[in-house]
Amino acid sequence: MKINEVILISVLLGVLVGLASIYAYPSTTSYSVANRGSNGFSDLLSSFRASIVTDLNVLHGVNASNTTYLLIRSSKASASELGVLNLFLASGGNLIVSGTPNFINSVAEYFNLGVRVEEAVVYDMVRNSGDRFHPIGFSDYCNASVTTYLPHYITGEGFKVLAHSSDFSYADLDGDGYIDLDEPMGRFPIAASISVGSGQLILVSSPEVFTNELIDSNREFVGCVIGGRSLLVDQVSVKSDLIEYMRVLAISRGSPSYLFVTLVAILCLVVYYVFREG
């Protein structure tokens, strides 16, 4: 073989080794469908036969009245993204928004809802799933319990309470994790629904409700808020992490080994061509 052919094959082998390394090390990215750990969404994806979205413009081509879009972020959505979501809701879409209070509030402010998620965390030392950090609430609307992790509470007017914490929960206003005499105790809204256009905007103050850790406990509630529609899971934010983005793209093609097999096939063709010509 010529030296340039050796270099070509070496480069391809290096790419294959790098890709193999991506799959060899599990994802730890929060709310990623490629993450099989406690804070991932792999079980959500399989349990509800959800589809993955890495470009929000996909929503322009869906039947909004038969679609639920799950949007969980830690940073604010762009103006163009919010415009797409506005059209989705106007067409009868079902939009579930969760994540940090700042993110949820930025969406609520864009739609001028008069609703906000407070920074104070809700704890429950009586009705919980193992510790006060995992309060168990209840949804009268869905007739189902809701297991959460460090939920915040929702305030405002004009919204329907989809889930609330128990009578034993308290809002930790000073952030020390414990109840003080001047801190409120009782039921707090932790999930809410507001009509926007022809659609429904659902706010869930604890994104962990949808994670692998808690999805089994919340299957009935999650199925209820999805409402029998096709579920799309937002993965747009993973684009900032190339390796995670490749993992997600591979899964979106139906198999984690999709890209790996493709590159192996390309390598085999190149090697065959090189040796045939040589």
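This is a predicted model: local features need pLDDT of at least 70, side-chain atom pairs count only at pLDDT 80 or more; totals for chains, interfaces and linings use all residues.
Tutor: Local features here need pLDDT of at least 70 and side-chain atom pairs pLDDT 80 or more, while totals for chains, interfaces and linings use all residues. Residues are numbered from 1 along each chain as its sequence is written, and side-chain values use heavy atoms, leaving out hydrogens and water.

Student: Is S165 buried or exposed?

Tutor: S165 sits in the loop between β8 (160–164) and β9 (169–172); strands are DSSP runs of E, at least two residues, numbered from the N terminus. Buried means under 20% relative accessible area, exposed over 50%, and partly exposed in between (1.4 Å probe, protein chains only). S165 has a relative accessible area of 2%, so it is buried.

Student: Which residue's side chain makes a polar contact with the side chain of S165?

Tutor: A polar contact is a pair of N or O atoms within 3.5 Å; within protein, one must be able to donate a hydrogen and the other to accept it, and residues adjacent in sequence count only if both atoms are side-chain atoms. At 2.6 Å, the partner of S165 is S169.

Student: How many residues of strand β2 (residues 67–73) are buried?

Tutor: T67, Y69, L71 and R73 point one way, T68, L70 and I72 the other way, and all are buried. The buried count for β2 is seven of seven.

Student: In β3, which residue is the bridge partner of I72?

Tutor: Two strands pair if DSSP finds at least two bridges between them. β2 and β3 (residues 94–99) pair in the parallel sense over six bridges. The β3 partner of I72 is S98.

Terms used:
Helices (H or I, at least four residues) and strands (E, at least two) are DSSP runs, numbered from the N terminus.
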